[in-house]
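Hello,

Here is the structure I promised to pass on. Please open it beside this email and follow along.

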Amino acid sequence: TLWGEPYINKPPGLHWLIASLMKISDLKGAHGLPSDFIIRAGPAFLSTLIVPLGGLIQWKLRPGENLTAITTSSILLTLLPIVRHGRLAMLDGTQLTAMACFWLVLLSIDQSQNNKIRLLTAGLISSSMLLLKAPLFIPPLIAALIAMFWEGIRLKRVELKWFGIGLIPGCFWHLWHGLNRGSEALWIWFGDGAQRVLFESGEGSDLGFLVPTIELLEGGWPWLLLLPMGIYVAWNERQSIWGKWVISTSLIMSISIFGLKTQLPWYSHPL
């Protein structure tokens with residue numbers, strides 16, 4: 001609830017974490033309220049996981065190049081302050097970590113019998129994204145599917161069943177929410193979800209696609225100097241697994257972000 005009224009702006013995934021930390025902690029701040037530290041601790045910790053996860057993704061894409069993976073994590077560490085909007089109690093840093101974890105699991109898929117476990121894990125991570133922001137997992141899923149299809153990975157129907165099983169917790173909560181809230185539950189998907197960002201210009205959106213461009217230019221130094229070379233190398237190595245994933249994820253996330261009607265500064269974080 002917010003001021004005594006049902007809060008239906010976002011799914012409760014991150015709020016459950018914050019509430020759990022409040023319950024197990026006796027730390028109090030001003031006026032007897034939970035301390036700022038407790039409120040921020042969970043989202044802050046989850047946001048920092050992008051640093052090792054980014055390095056592991058690079059290690060999967062370029063096996064044997066340990067220095068490349070370490071450098072990737074080091075660069076992500078310097079960019080970490082960009083996810084501190086709302087004093088790290090917002091969803092955005094956690095969303096980045098969930099996306100990275102999702103891609104890392106899908107990158108681990110091979111011809112072994114462990115694919116069922118990996119796809120179940122990918123489904124559970126997708127459930128977590130459904131509990132952070134309803135349509136969140138769609139662009140990362142499309143980007144991964146394009147890269148995997150390009151790479152020649154074909155999943156059997158019996159394996160995909162495990163991904164569906166992993167989706168059950170997230171889908172079940174939204175179904176339960178719909179049964180309890182009726183048409184109000186659609187606000188998460190359309191009012192504050194896809195419809196708002198795709199079709200309605202919100203506060204701070206006056207410059208349209210220039211908003212994420214400006215944020216990228218402001219927050220990406222000095223690593224932006226590497227961007228032209230990175231694009232050139234990715235295109236030249238487009239037949240490698242690294243090139244395919246870099247091109248696919250960069251293209252789909254750029255389309256997803258620059259195409260939004262509502263633009264807020266932190267929407268550029270995945271870029």
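Which residues in helix 3 meet which residues in helix 4? From helix 3, they are Ile50, Val51, Pro52, Gly54, Gly55, Gln58 and Trp59. From helix 4, they are Asn66, Thr68, Ala69, Thr72, Ser73, Leu76 and Leu77. Contact means heavy atoms within 4.5 Å. Helices are DSSP runs (H or I, at least four residues), numbered from the N terminus.

First, the ground rules. This is a predicted model, where local features need pLDDT of at least 70 and side-chain atom pairs count only at pLDDT 80 or more, while totals for chains, interfaces and linings use all residues. Residues are numbered from 1 along each chain as its sequence is written, and side-chain values use heavy atoms, with hydrogens and water left out.

**Helices 3 and 4**

Two packed helices are described by the angle between their axes and the distance between the axes. Here the angle is about 150°, and the axes lie 8 Å apart. Helix 3 is therefore roughly antiparallel to helix 4 (angles over 145 degrees count as such). Axes are lines fitted to C-alpha atoms over the stretch in contact, and angles run from 0 to 180 degrees between N-to-C directions.

**Helix 13**

Helix 13 covers residues 241-258, which is 18 residues. From first C-alpha to last, helix 13 reaches 25 Å, close to the 26 Å expected at 1.5 Å a residue. The expected span is 1.5 Å times one less than the number of residues. Its buried residues include Trp242, Trp245, Ile252 and Met253. Buried means under 20% relative accessible area, exposed over 50%, and partly exposed in between (1.4 Å probe, protein chains only). The buried residues of helix 13 pack against helices 3, 5, 7, 11 and 12.

**Salt bridges**

A salt bridge is a side-chain nitrogen of Lys or Arg within 4 Å of a carboxyl oxygen of Asp or Glu. By this rule there are four.

- Arg40 pairs with Asp36, with the closest N and O atoms 3.2 Å apart. Both lie in helix 2, four residues apart, about one turn of the helix. Arg40 is partly exposed at 27%, and Asp36 is partly exposed at 43%.
- Arg118 meets Asp110 at 2.8 Å, N to O. Asp110 is partly exposed, at 33%.
- Arg62 meets Glu65 at 2.9 Å, N to O. Arg62 is buried, at 17%, whereas Glu65 is partly exposed, at 33%. Shared partners join Arg62, Glu65 and Glu237 into one network of salt bridges.

Best wishes

Conventions:
Helix = DSSP H or I, 4+ residues; strand = E, 2+ residues; numbered from the N terminus. Parallel < 35°, antiparallel > 145°, perpendicular 65-115°, else oblique.
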